Amino acid sequence: MSGDTYLAYDYPLLSAFWTMLVFFLWIMWFVLLFRVVVDIFRDDDLSGWAKAGWLAFCILLPFLGVFVYVVARGKNMGRREIAQAREQQQAFDSYVRETAKGAGGPSSSVDELARLSEIRARGDITDEEFAKAKQQVLSGSRH
């Protein structure tokens, strides 16, 4: 055994530390590899052949392929991920809005009260008319 190896096994805690470090680095490597593969498919700027080339490069020479991809195209990886997250959030928000409109019920009452409040703030109706209209909206009778 060499001196460094002997030192690592002479102290069991140090051996456990090195084992955990190597294990952690392998997990991080696989996370990075999968993120690169997902980014290759996510990128709309790349043609099909370019995607196939990058994918083959990352699979056949994984360490070098991922390193080169991160250096060459890594700057926009985060931007593409943020753009996709924003698109998903906007799609979810529009779905919630459409569902809430279709359901009617309390959200429509809230919309009517907000509209009445805006009309009163402009001075188009008096406080008494606002109170009467508010009572009608809350009681559910709309005339």
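**View 1. Glu81 counts as partly exposed, at 33% relative accessibility.** Partly exposed lies between buried, under 20% relative accessible area, and exposed, over 50% (1.4 Å probe, protein chains only). The model is predicted: local features need pLDDT of at least 70, side-chain atom pairs count only at pLDDT 80 or more, and totals for chains, interfaces and linings use all residues. Residues are numbered from 1 along each chain as its sequence is written, and side-chain values use heavy atoms, with hydrogens and water left out. Glu81 forms a salt bridge with Arg35, the closest N and O atoms being 2.3 Å apart; a salt bridge is a side-chain nitrogen of Lys or Arg within 4 Å of a carboxyl oxygen of Asp or Glu. Arg35 belongs to helix H2 (residues 12-42) and Glu81 to helix H5 (residues 77-103), so the pair ties together parts that are 46 residues apart in sequence. Helices (H or I, at least four residues) are DSSP runs, numbered from the N terminus. Arg35 is also partly exposed, with a relative accessible area of 42%. By this rule the count comes to 6 salt bridges.

**View 2. Asp43 and Arg73 form a salt bridge, with their closest N and O atoms 1.9 Å apart.** This pair links distant parts of the chain: Asp43 is in the loop between H2 and H3, and Arg73 is in helix H4 (residues 62-73), 30 residues apart. Asp43 counts as buried, at 1% relative accessibility. A network of salt bridges links Asp39, Asp43, Arg73 and Arg80.

**View 3. Lys51, in helix H3 (residues 48-60), is buried yet has no salt bridge.** Its nearest side chain of opposite charge, Asp44, is 4.9 Å away; Lys and Arg count as positive and Asp and Glu as negative, while His and the chain ends are not counted. The side chain of Lys51 instead reaches the backbone oxygen of Asp43 at 3.1 Å. Leaving aside neighbours within four places in sequence, Lys51 is in contact (heavy atoms within 4.5 Å) with Ile40, Phe41, Asp43 and Leu46.

**View 4. Arg120 and Asp127 meet through their side chains in a salt bridge (3.9 Å, N to O).** Arg120 counts as partly exposed, at 33% relative accessibility, whereas Asp127 counts as exposed, at 54%.

**View 5. Gly140 is placed in the segment after helix H7 (127-139).** Gly140 is partly exposed, with a relative accessible area of 48%. The C-alpha atoms of Gly140 and Ser109 are separated by 8.3 Å, the two residues being 31 residues apart along the chain.

How values were computed
Helix = DSSP H or I, 4+ residues; strand = E, 2+ residues; numbered from the N terminus. Polar contact = N/O pair within 3.5 Å; in protein donor to acceptor, adjacent residues only side chain to side chain.
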